[in-house]
Amino acid sequence: MKHQIPPRTLAASCSLLSVAMVFALGAWTSRAFAQRPAAAADVEVVQLRPNFYVIGGAGGNVVVQTGPAGVILVDSGSTGMADKVLAAIRRLTPLPIRYIINTSMDADHVGGNEKLAKAGLSILPGAVVAGAGLGDDLVSNFGAASVLAHENVLTRMSAPTGQSSPAPAALWPTKTFAYRMYSMYLNGEGIQVLHQPAAHTDGDTVVFFRRGDVIATGDVIDTTRFPFIDTKRGGSVQGELDALNRLMDLSIHNLPIQWYDDRTFLVPGHGHTYDKLDLLEYRDAVTVVRDRVQDLINQGRTLAQVKAANPTLGYRSQYGTDSGPWTTDMFVEVVYNELSAKVGRTLSGPATREPK
Ligand SMILES: [Zn+2]
């Protein structure tokens, strides 16, 4: 059943009534946060929780969390849409943008970094001015909002001095972390930025808002197609499955009382908001395709034969696409290449995969 929330109504009104309506409609809406264009803008705003919104139509989805400390964004959309994203945020709240968290280095997720950071305000400008030992311009971003990402995002966007970088320096993250996660407590909730090594890319993070129970997944989930495994930038099918399984662990469905709507919301990099059941289907689709391709490889089939055997049967209509930059064929090919490389390693000696 496809119910749509009129975004402008929700964005414009913060009355208890509208919030109550969101939850009343929630039972039907979670799989169908299909986003209807707002009348006066090209971006679409959908309210998930009283203080959580998704801005769609600006490249990758932009998650907006608001609270007393200000605005926290997950991803910033594409550069060309930054003005519209900013205008949409301004319609939601006058509070300053404090953090932008990037889920990967993709242009349609980091493109608005410069404009939105400069429109914001560092959460620590006073400490820097006062010389309180926090004079970390990377944290304060010279007074603008901080842009936080895994270190691999910066590595892939930048280049050694003297060489031209893949992305303009103004879009680079200003604060990076190299470990499994980065945590902070803002707007009354714990926020965990969890690195997913080698999934869609090698710099993916999922952002878990613990009190709001909202997870921004970046392109680990793309509801419009099979996950884009960017092998040129460190992505892998096994890492993608690991990330989807991690999300399964973090998500909770509305059990045992199914007529309540309480549950985890997962905002994908592209497409409509998922709950745990949607995620289960997506995870299973990737797993089943992987297993079918493995079976065919075990039978000695070539890539052409694997493709001809249609290993995405049953999932093609939901996640498949034969056009655009990431087709079903390309997905199958990446799965085949990764699995056959693994077979090659096994034949020629011990696998070099590091233990997890
Ligand atoms: Zn994306």
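This is a dialogue on reading the features of a predicted model.

Trainee: What should I know about the model before reading it?

Mentor: The model is predicted, so local features need pLDDT of at least 70 and side-chain atom pairs count only at pLDDT 80 or more, while totals for chains, interfaces and linings use all residues. Residues are numbered from 1 along each chain as its sequence is written, and side-chain values use heavy atoms, with hydrogens and water left out.

Trainee: How many helices and strands does the chain have?

Mentor: Helices (H or I, at least four residues) and strands (E, at least two) are DSSP runs, numbered from the N terminus. Here the chain has 13 helices and twelve strands.

Trainee: What share of the chain is buried?

Mentor: Buried means under 20% relative accessible area, exposed means over 50%, and partly exposed lies in between, with a 1.4 Å probe and protein chains only. Of the 356 residues in the chain, 51% are buried. For contacts, the cut-off is heavy atoms within 4.5 Å. Among contacts between residues at least 6 apart in sequence, 64% join residues at least 24 apart.

Trainee: Which strands does strand 2 pair with, and in what sense?

Mentor: Two strands pair if DSSP finds at least two bridges between them. Strand 2 (residues 52–56) is antiparallel to strand 1 (residues 44–49), with five bridges, and antiparallel to strand 3 (residues 62–67), with four bridges. A hairpin of two residues joins strand 1 to strand 2. The hairpin of strand 2 and strand 3 has five residues between the strands, and G57 there takes a positive phi near 85 degrees.

Trainee: Which way do the residues of strand 2 point?

Mentor: F52, V54 and G56 point one way, Y53 and I55 the other way, and all are buried.

Trainee: What is the strand order in the five-stranded sheet?

Mentor: The order is 8-9-10-11-12, in an open sheet with mixed pairing. Strand 8 (181–186) and strand 12 (265–270) are the edge strands, each pairing on one side only. Axes are lines fitted to C-alpha atoms, for helices over the stretch in contact, and angles run from 0 to 180 degrees between N-to-C directions. With direction ignored, neighbouring strands of this sheet are turned by 25 degrees against each other on average.

Trainee: Where is the pairing antiparallel, and where is it parallel?

Mentor: Strand 9 (residues 189–196) and strand 10 (residues 204–209) run antiparallel and are joined by six bridges; Q196 has D204 as its bridge partner. Strand 11 and strand 12 run parallel, with five bridges, and D222 has H270 as its bridge partner in strand 12. In strand 12, six of its six residues are buried.

Trainee: Which helices lie on these strands?

Mentor: Helix 9 (residues 237–250) packs on the sheet and touches strand 9, strand 10, strand 11 (214–222) and strand 12; its direction makes about 160 degrees with that of strand 11. Helix 10 (residues 276–298) lies across strand 11 and strand 12, at about 25 degrees to strand 11.

Trainee: What coordinates the zinc ion?

Mentor: Donors are N, O and S atoms within 2.8 Å of the metal (3.2 Å for Na, K and Ca); water is not among the atoms, so sites may look incomplete. The zinc ion is coordinated by H109 (NE2), H270 (NE2) and two entries for D219 (OD), at 2.0 to 2.8 Å. H109 in helix 4 (residues 107–110) and H270 in strand 12 are 161 residues apart, and both are buried.

Trainee: Why is the arrangement irregular?

Mentor: Four donors count as tetrahedral if all angles lie between 85 and 135 degrees; four count as square planar and six as octahedral if opposite donors are over 155 degrees apart and all others between 65 and 115; anything else is irregular. Here the arrangement is irregular because the four donor atoms subtend angles of 52 to 120 degrees.

Trainee: How many salt bridges are there?

Mentor: A salt bridge is a side-chain nitrogen of Lys or Arg within 4 Å of a carboxyl oxygen of Asp or Glu. The structure holds 14. One of them joins D222 and R225 at 2.7 Å, N to O; D222 is buried at 2% relative accessible area, and R225 is buried at 15%. Another joins D322 and R316 at 3.7 Å, where D322 is exposed at 64% and R316 is partly exposed at 30%.
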